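My plan was to look up the overall numbers, then single places.

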Amino acid sequence: PLKTFVNSSILKPTGRVVGIIKRNWRPYCGMLSQSMIKEATRHLFTPADRRIPRIRIETRQAANLAGQRIMVAIDGWPKNSRYPNGHFVKNLGTAGDKETETEVLLLEHDVPHLPFSPAVLSFLPKMPWSITEEDLKVRADLRHLGVCSVDPPGCTDIDDALHCRELENGNLEVGVHIADVSHFIRPGNALDQEAASRGTTVYLCGKRIDMVPELLSSNLCSLRSNVERLAFSCIWEMNHNAEIIKTHFTKSVINSKASLTYAEAQMRIDDTTMNDDITKSLRGLNRLAKILKGRRTEKGALTLSSPEVRFHMDSETHDPIDLQTKELKETNSMVEEFMLLANISVAQKIYDEFSECALLRKHPSPPPSNYDILIKAAKSRDLNIHIDSAKALADSLNNATVENFPYFNTLLRILATRCMMQAVYFCSGMDSDFHHYGLASPIYTHFITHQEVRCYAQRASVAFHTQLFFKNKGIINEEGFILFVRKNAIIILIPKFGIKGTVFFDNKDKPSPHLIFDSEGPTLKVEEHMFRMFDKVKVTISLDASNIQHQRIRMALIEPVIPGVSVPVPDTKN
């Protein structure tokens, strides 16, 4: 008999589902598609999540639920039915309403946001609260130090603060102080369990979902100025070249002397007439931060880019009235450098103490194939990107400039961000490679475990508020740059607003233009015009609200002018 040889390299593990132990069904948010049959009680519900099938429900309230966001639960899915069966749970409010849509995105992203229960609140400290003599016996008293915090405007949950002072021996003492939340939360109680369930504070546009009750997040665990607060401090003795001589960690009591915004801190640093202790401390911190960043950069730390937006809200309606990319100042980098240094110092300390069970964080180096699109994009402008190491990549990005195109380097760094791997947490005893590629650090962790985490719910909130902004603006004309070229479309970044959108060239409503896509470029020829990555274009931006449940930003090409493809310049509101 003939033997069949199979290449083992193409074999893949396979299996089949033999049973379902538990269905992970949950109530779904969406809208009712009312039956066309008069007096019908059976209707189809369309979930907001496109991955979920439509659900058949029975209700006599269909007329009242039209245009409403509702919640529906699945009861079962008969074998002979195209759709699962379910039942109406509750009405969430009018579709498109800001409060309703915020509730939907919290529910759809499974963000716990109900008010804290009496059981949880019962474990909060009784007010008025104050630091006791017992606290001072087991903590370093740092209330005399010139500690200050630097945060975004309007921040009430201030979880970190800094100080810098000169020592008698001529060296510098620098401290990072983190609010000691653990003092108020005992392991295993209802407050601890609720905080663990929530996992993080979720920051939405104009709204914050706290991990712990407000008494802690915005008061007792907020390092506000001119009040005594409990902290955990990482303190270094450094020379003036930012070289660490010794490090120590301590529970502490601090009294911050100033709660500043990034802009206020920057103004103090720049104002030569100001020479108070806090301003001197900020200048010392800023000078050391620049040295630390320079040293990280020399080792190959990457400075990447991703456009982040900031909304300016109407003081009465709280609707977005302006949308801008965030402007970063030196003080943003100053705070970041010392948070990174604290994380690195803590990582080394916990690994030294608990070599088999330290919780660390690493960033794997990407496989070479990840960089293909970045290399092609640079090559289209006669530039070379070297990827042998993080240092080689960082140097290539630093040197990648195009004359009369100042935004080119930012575009390249945005693209480089897309090439990166996801950073991961791991246990030190289960891995031997601790290296953090992006930070060029041999070891790293998150000392500040209650720091802001950017999650999908936050992205959804930004997307919704972006839609609100354009809904009120009508059609806007704006310049942008091509980030990606596809077989039938170009993906465009609008620097002014920090948003991305897609211009499609195959339109179902009219004949498609002649398209030639070259994946090697990559380039896309539309009729006689060739599109390349990073080309400048001009587009219209508007909100497509034809599907109220899935509204989206639409872009249409104005320039370059391609007959039958480009749209005429419309009258705009701006």
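The entries below follow the order in which I looked things up.

**Entry 1. The whole chain**

I noted at the outset that this is a predicted model. I looked up the secondary structure and found 13 helices and 26 strands in the protein chain. I then checked the extent of the C-alpha trace, which spans about 80 × 80 × 65 Å along its principal axes.

I turned to burial next. The chain has 574 residues, and 46% of them count as buried. Its accessible surface comes to about 31,500 Å². Carbon and sulfur atoms hold 52% of that surface.

I asked what share of the contacts with a separation of 6 or more joins residues 24 or more positions apart. The value is 64%.

Last, I looked at charge. I found 70 positive and 67 negative charges, and their mean positions lie 7 Å apart.

**Entry 2. The cores**

Which residues have the most contacts inside the largest nonpolar core? I found Leu-412 and Phe-534, in a core of 57 residues. Helix H12, residues 408-419, gives the most to this core, with seven residues. I also recorded a second, separate core of 31 residues. Cys-164, Val-176, Cys-234 and Leu-282 are among its members.

I went back to Phe-534 and listed what it touches beyond four places in sequence. Among its partners are Phe-405, Phe-408, Leu-411, Leu-412 and Leu-415. Phe-481, Ile-482 and Leu-483 are also on the list.

**Entry 3. Helix H2**

I wanted to know how many residues of H2 are buried. The helix covers residues 98-108, and eight of its 11 residues are buried, leaving it mostly covered. I wrote down the buried ones: Lys-98, Thr-100, Glu-101, Thr-102, Val-104, Leu-105, Leu-106 and Glu-108.

What do these buried residues pack against? I found strands S1 (28-33), S4 (68-76), S5 (85-94), S10 (202-204) and S11 (207-209). Helix H13 (456-471) is packed against them as well.

I then checked both ends. At the start of H2, a side-chain oxygen of Asp-97 reaches to within 3.2 Å of the backbone nitrogen of Glu-99. Just after the helix, Asp-110 takes a positive phi of about 55°.

**Entry 4. Gln-549**

I located Gln-549 in the loop between strand S25 (536-544) and strand S26 (552-559). Is this residue buried or exposed? Its relative accessible area is 10%, which is under the 20% limit, so Gln-549 counts as buried.

I looked up its polar partners. The side chain of Gln-549 reaches the backbone nitrogen of Met-31 at 3.2 Å. It also makes a polar contact with the side chain of Arg-69, at 2.8 Å. Leaving out residues up to four places away in sequence, I found that Gln-549 touches Gly-30, Met-31, Thr-46, Pro-47, Ala-48 and Arg-69.

**Entry 5. Thr-132**

I placed Thr-132 in the loop between helix H3 (118-121) and helix H4 (133-137). Its relative accessibility is 37%, between the 20% and 50% limits, so Thr-132 counts as partly exposed.

**Entry 6. Backbone geometry**

Where are cis peptide bonds found? I recorded one joining Gly-521 and Pro-522, with omega about -15°. Pro-522 lies in the loop between strand S22 (515-518) and strand S23 (523-526). I recorded another joining Glu-559 and Pro-560, with omega about 5°. Pro-560 sits in the segment after S26.

I then looked at positive phi. Asp-382 is not a glycine, yet its phi is about 60°. I found Asp-382 in the loop between helix H10 (372-379) and helix H11 (390-399). Its relative accessible area is 76%, over the 50% limit, so Asp-382 counts as exposed.

Asn-404 also has a positive phi of about 60° and is not a glycine. It is found in the loop between H11 and H12. At 75% relative accessibility, Asn-404 counts as exposed.

Technical notes: Residues are numbered from 1 along each chain as its sequence is written. Side-chain values use heavy atoms; hydrogens and water are left out. Helices (H or I, at least four residues) and strands (E, at least two) are DSSP runs, numbered from the N terminus. Buried means under 20% relative accessible area, exposed over 50%, partly exposed in between (1.4 Å probe, protein chains only). Contact means heavy atoms within 4.5 Å. Accessible areas come from the Shrake-Rupley method with a 1.4 Å probe; for residues, only the protein chains shown count as cover. Lys and Arg count as positive and Asp and Glu as negative; His and the chain ends are not counted. The place of a charge is taken as NZ of Lys, CZ of Arg, CG of Asp or CD of Glu. A polar contact is a pair of N or O atoms within 3.5 Å; within protein, one must be able to donate a hydrogen and the other to accept it, and residues adjacent in sequence count only if both atoms are side-chain atoms. A nonpolar core is a set of buried Ala, Val, Leu, Ile, Met, Phe, Trp, Tyr and Cys residues joined through side-chain atoms within 4.5 Å.
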